[in-house]
Amino acid sequence: MLWTRMELPCSCLLLLSCLQSLSAHNDFFTSIGQMTDLLYTEKDLVTSLKDYIRAEESKLERVKRWADKLDSLTATATQDPEGFLGHPVNAFKLMKRLNTEWGDLESLVLSDTTDGMDY
């Protein structure tokens, strides 16, 4: 079959546009595959975020228990400070709390839950 001068360029353009649409179609599937990977990456990020939240909530629960314990203790102690501190064990425990336990609490509050430690 002989092509006329006008038919040949039109046929070439048609062929090129078909090839281009096939190429775009393949890019579409490649793009969907990459987007699927991103979807699973986001799922992993959500899982990590939930783990982080659980770790922070656990740490916060420990801090709350400290606060409740110390609140109860100081409420009792401040009702009669002289009587409370007159007992040598109470005086010793106060000094121990101020020297070590508050430092431990500070370390807990400032700790990074992303380092994998259980609280």
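Guide: Residues are numbered from 1 along each chain as its sequence is written. Since the model is predicted, local features need pLDDT of at least 70, side-chain atom pairs count only at pLDDT 80 or more, and totals for chains, interfaces and linings use all residues, while side-chain values use heavy atoms, with hydrogens and water left out.

Visitor: What makes up the secondary structure of the protein?

Guide: You'll find three helices and zero strands, running α-α-α from the N terminus. Helices (H or I, at least four residues) and strands (E, at least two) are DSSP runs, numbered from the N terminus.

Visitor: Why is Lys59 called buried?

Guide: Buried means under 20% relative accessible area, exposed over 50%, and partly exposed in between (1.4 Å probe, protein chains only). Lys59 has 8% relative accessibility, so it counts as buried. Buried residues make up 10% of the 119 residues in the protein.

Visitor: How many salt bridges does the structure hold?

Guide: Four. Among them is Glu61 with Lys64, at 3.7 Å from N to O. Another joins Glu101 and Lys69, also listed at 3.7 Å, N to O. Glu101 lies in helix H3 (residues 88-110) and Lys69 in helix H1, so this pair ties together parts that are 32 residues apart in sequence. Glu101 is buried at 17%, whereas Lys69 is partly exposed at 43%.

Visitor: How do you know that the charged end of Lys69 sits over the ring of Trp66?

Guide: The rule wants NZ of Lys or CZ of Arg within 6 Å of the ring centre and within 35 degrees of the ring normal. For Lys69, the charged end is 5.2 Å from the centre of the Trp66 ring, so the distance passes, and the pair is listed as sitting that way.

Visitor: Why is Leu49 called partly exposed?

Guide: Leu49 has 49% relative accessibility, so it counts as partly exposed. Leu49 is found in helix H1 (residues 7-79).

Technical notes: A salt bridge is a side-chain nitrogen of Lys or Arg within 4 Å of a carboxyl oxygen of Asp or Glu.
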